[in-house]
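Hi everyone, thanks for making time this morning. I'd like to walk you through a couple of spots in a structure, so let's bring it up on the screen.

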Amino acid sequence: MLPLSDTIVAIATPPGEGAIGIIRLSGANAITIAAKIFSKKGLEQQPSHTLHFGKIVSNHTVIDEVVISLFKNPKSYTGEDVVEISCHGSNYILQQVVSVCLQHGARMAQAGEFTLRAFLNGKLDLTQAEAVADLIASQSNTAHRAAMHTLRGGFSEDLKDMREQLITFSALMELELDFSEEDVEFADRTRFYQLIGALTTVTQNLVNSFSLGNVIKNGVSVAIVGKPNAGKSTLLNTLLNEERAIVSDIAGTTRDTIEETLNINGIIFRLIDTAGIREHSKDLIELQGIERSREAMKKADIAVYLFDASVDQLDELKDQQRYFEENNIKYLLAGNKVDARGLEKAHDTYRGIDKQIIFISAKNKENINELKTALYDLVATGDLQQEGTIITNVRHYGALQEVLKSLHDIKSGLDNSVPGDLIALDIRHCLHYLGEITGEITTEDKLDYIFSKFCIGK
Amino acid sequence: MGSPWLYRYSVPRGTQVFCLGDTLYLCPMFPEYDVIVVGAGHAGCEAAAAAANMGSKVLLVTMNMQTIAQMSCNPAMGGIAKGQIVREIDAMGGYSGIVSDKSTIQFRMLNRSKGPGMWSPRSQNDRALFATTWRNMLEQTPNVDFWQDMVQGLIVSRGTIQGIVTGMGQEIRAKSVVLTNGTFLNGVIHVGEKQFGGGRMGEKGATGITEQLVSLGFESDRLKTGTPPRIDGRSLDYTKMERQEGDDEVVGFSYLPIEKVKPQNQRCCWITYTNPEVHDILKTGFGQSPMYQGRIKGSGPRYCPSIEDKVTRFAEKERHQLFVEPEGWDTVEIYVNGFSTSLPEEVQYKALTMVPGFEKAKFFRPGYAIEYDYFPPTQLTATLETKLIKNLFFAGQINGTTGYEEAACQGLMAGINASRNAHEQEPVILKRSDAYIGVLIDDLISKGTDEPYRMFTSRAEYRTILRQDNADVRLTPLAHSIGLASDQRLALVNAKQGEVARVKKIMEEFKAEPEAFNEFLESNNSSLLTEKSKALKVLLRPNIGIKEMMESVPDLKASIGECSPLVLEQVEIMAKYATYIEKEHEMVQKMSNLEDLAIPEHFNYEKLTAMSIEARQKLMKIKPRTIGQASRISGVNPSDVQILIVYMGR
């Protein structure tokens, strides 16, 4: 359930890239939190309905130059203290600002929660409220599915599985509390300890993947590799040119980085030059050869192997595939120089390959969207390398941090032989937030588990 | 005085009307009561006492004056989660704690090794003394009248209760009525293939009320519970059993200074176990089991299964624990806890004689199962008043609960609110963060129950706050403000609070050189201090107790001076568990705006089209009082609750 007394934060502008993006904070601490991350002093003392130009700073690093709008209660959208931070419209910047707000004590707003508060404070009438209700109903149904979809498959399964185990354990813990007088076995602390350790690792990895910004900051690294003249430079250009409109001009980041970043359905892909900068790539690849690009492939999350499909390179392709598989590299096969007319022939030539090949024409910009979809799917369906990208959603970042905190409390409780009932308090907390990510609401019906597994009762 | 026939229809039946000269005299056998309580079990007795102590004129109607406050099942009070409830009842000014203390033959504080929220007082009681103590206390309570008869019907007019009709045809009027019929409504007792009507072994069941309530629109259903055989203690060989002694210190239930049993005088219990031979014999009776033959329709509690259930469901277990409990100081009667059964009596007998120590057992009477009517408690409001009939309250097993403590606390709350209604005062509702009683009632009315409901600590989300040691602090001031808890109780709480604050301050301020503590720390295998430290900080260490610390640090003892052990215990708990207590308080605080957000009584759920149909139907049926309660109804998920808040407005 939502408490209504804390301060909430969310991106207020629609998803996608725009000229500006707005982050909204609402609640009793909205202004205090904004003041902590704002470069100019004395924000709290400023009157309502004023604008303030300055920088958002986190750990002495400037995130963006912004304009802050102050609205003091009750004269605001929600009727609470509201701060709106207008940033440059980059998804990355917006997410960064939100995460800084979260670090300073705000909570990620649920779908429709600003409007909910506005309504509760008498700022909206019922017709407007109905729209909010519909929004809540539709979003809450899709939210968890969406979240699980962006979570890497392996991890989401792990999380679900560990959550189940945690529930079982907390049931065992309750068993020894409520039925200590009876002849029952008790929870095995060693196994519990291991479970907490494993959960902490997974959660920490997830949190790291966010805070390091593998996805949001660095994007998913993609190495486009292949023999000289396969058309790598052209493909790179084609991919980037098409995306130029939505690549943002982020202050403080280098121009090169920007130009090599590709946004597919909200996920940032960083196109790594397998051997240097585009303009010179040809030379460099030729100079340093295939060994050098293989090094780069190992570092990347995904390798796109590009080859000239207008000629027969079947054996070479099989060798290459074997190499990828032996080295556990996630990869896509892209057959270049195939336009609509050559497609049938190319299919024939490469029939012997057991993996899907995306035939494209980088030059004619044909089938480029298929390639992008394949890249996106590789991330979204979770078929990435272990240490790659995980979470992109700030809401889940907030929940995961709560999970981590309670796991830490559980562990220190176990270390200090704290009684089970008190550890159970932290487990309850942990389960609640895990449920926010996996989408399962804790029914708390541990008693059902106990009664079905143990012989209870005098 | 007007014409006599003006009164013809308003004179209750049974009223003597006679003329003396010009004046017409009405001489009713019964006055109009504020509150009539039907049934004198744990719920009924607490209801009558609470209402009377709050100044209501109360009539307690029971089928048998000799069986007031019977312990129909085991001769024990309290236990895990239940002990906390008894403490809460006592803190409110109820009688169960006092009665238990006065009839205790053994006392144990269970779960001492766990956190303080888990400490649970439990007593074994003298069954007969328990009942007579209750009756004496009720007899000494002003405003309580008694009447022995069966209640056969209710007088209802315009959706409001007016009174009751007894088996002899008496109509007795009251502003409020509390029904606490226990297992008596259409009770059917089963032993093997035999079955007969009854509310307890040897006692008649009650008929008429269910049928009338159903005709008024109530839903009713059946539940089942069971009880083990009673044995002649002289026929048992205790040398083959494990002893279970009482505690060295008898804490008791009541916050009042009541004389408790002397630790050395306590009776002991015994533990023994069943074995595969016992199980094999039990199985021979399954063909005649009323449970397995489908004669019992009601569901029984999963946490209190019959021995035949244990043997079937947990076939891999080679033995089941049995507690052998004495029934009192003077009696030889023994209660075999864990051997509840409705198998044919000769099977019970044969099986039990295979249990170590029971080889020569003589039965006083066999175990049996009983089926009875209950009314799914989602038909009640948070005051335990029915939604259908104003001023009619239900408490105890009629609501689908099990256990003396669960019944007693409902009786208390129903008694309080029946009395409040009779005097047109605001209802008194305990929240989940106030008391286990609040958790119990909220669970019942929000979720309902399809098996006999028993309290567990895991049902309470704030169990570190809802401790047995602080029920007085939590509840006595409220109970005093409604005229239930006495001035003496409030004075005791205030004195305790003052002392706790005083000692806490001393602990916070007392600072001494390492030498002052180190000898004590060394003897407790705790690492030594190297610098000047505060007593409170040392107390935070595991295995360090305040009493022991005072003994080894004379200066500290001198600063604190004379102090009750209960106060020291409070200080210790509040210091040692401060972080966890704080965490729970934060949760309570966070949730408070939802818990306090009231839903209008006649809120129209039909228009909430954004909400799932299931959630809407549940909400329409249960009519939650607050958003917090709505969020706990099964089938209502968090987004439904948000939608509800949106529509509800401010």
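Let's begin at Lys123(A), which is in contact with Tyr77(A), Thr78(A), Gly79(A) and Ala118(A), once its neighbours within four places in sequence are left aside. Please keep in mind that this is a predicted model. Lys123(A) sits in the loop that runs between helix 3 (113-120) and helix 4 (126-150) of chain A.

You'll find Arg24(A) in strand 2 (residues 20-26) of chain A. Arg24(A) counts as buried, because 24 C-beta neighbours lie inside 10 Å. Not counting residues up to four places away in sequence, Arg24(A) touches Ala10(A), Ala12(A), Val82(A), Glu84(A) and Phe114(A).

Now over to chain B. Here we have an open sheet of three strands, in the order 5-7-6, with antiparallel pairing. Strand 5 (76-78) and strand 6 (104-110) of chain B are the edge strands, each pairing on one side only. On average, neighbouring strands of this sheet are turned by 20 degrees against each other, ignoring direction. Between strand 5 and strand 7 (residues 120-125) of chain B there are three bridges, in the antiparallel sense. If you want a landmark, find Met77(B), which stands opposite Ser123(B) in strand 7 of chain B.

Notes:
Residues are numbered from 1 along each chain as its sequence is written. Chains are lettered from A and ligands numbered from 1 in the order in which they are written. This is a predicted model: local features need pLDDT of at least 70, side-chain atom pairs count only at pLDDT 80 or more; totals for chains, interfaces and linings use all residues. Two strands pair if DSSP finds at least two bridges between them. Helices (H or I, at least four residues) and strands (E, at least two) are DSSP runs, numbered from the N terminus. Axes are lines fitted to C-alpha atoms, for helices over the stretch in contact, and angles run from 0 to 180 degrees between N-to-C directions. A residue is buried if 20 or more other C-beta atoms lie within 10 Å of its own, exposed if 12 or fewer, and partly exposed in between; C-beta atoms are placed from the backbone. Two residues are in contact if their C-beta atoms, placed from the backbone, lie within 7 Å.
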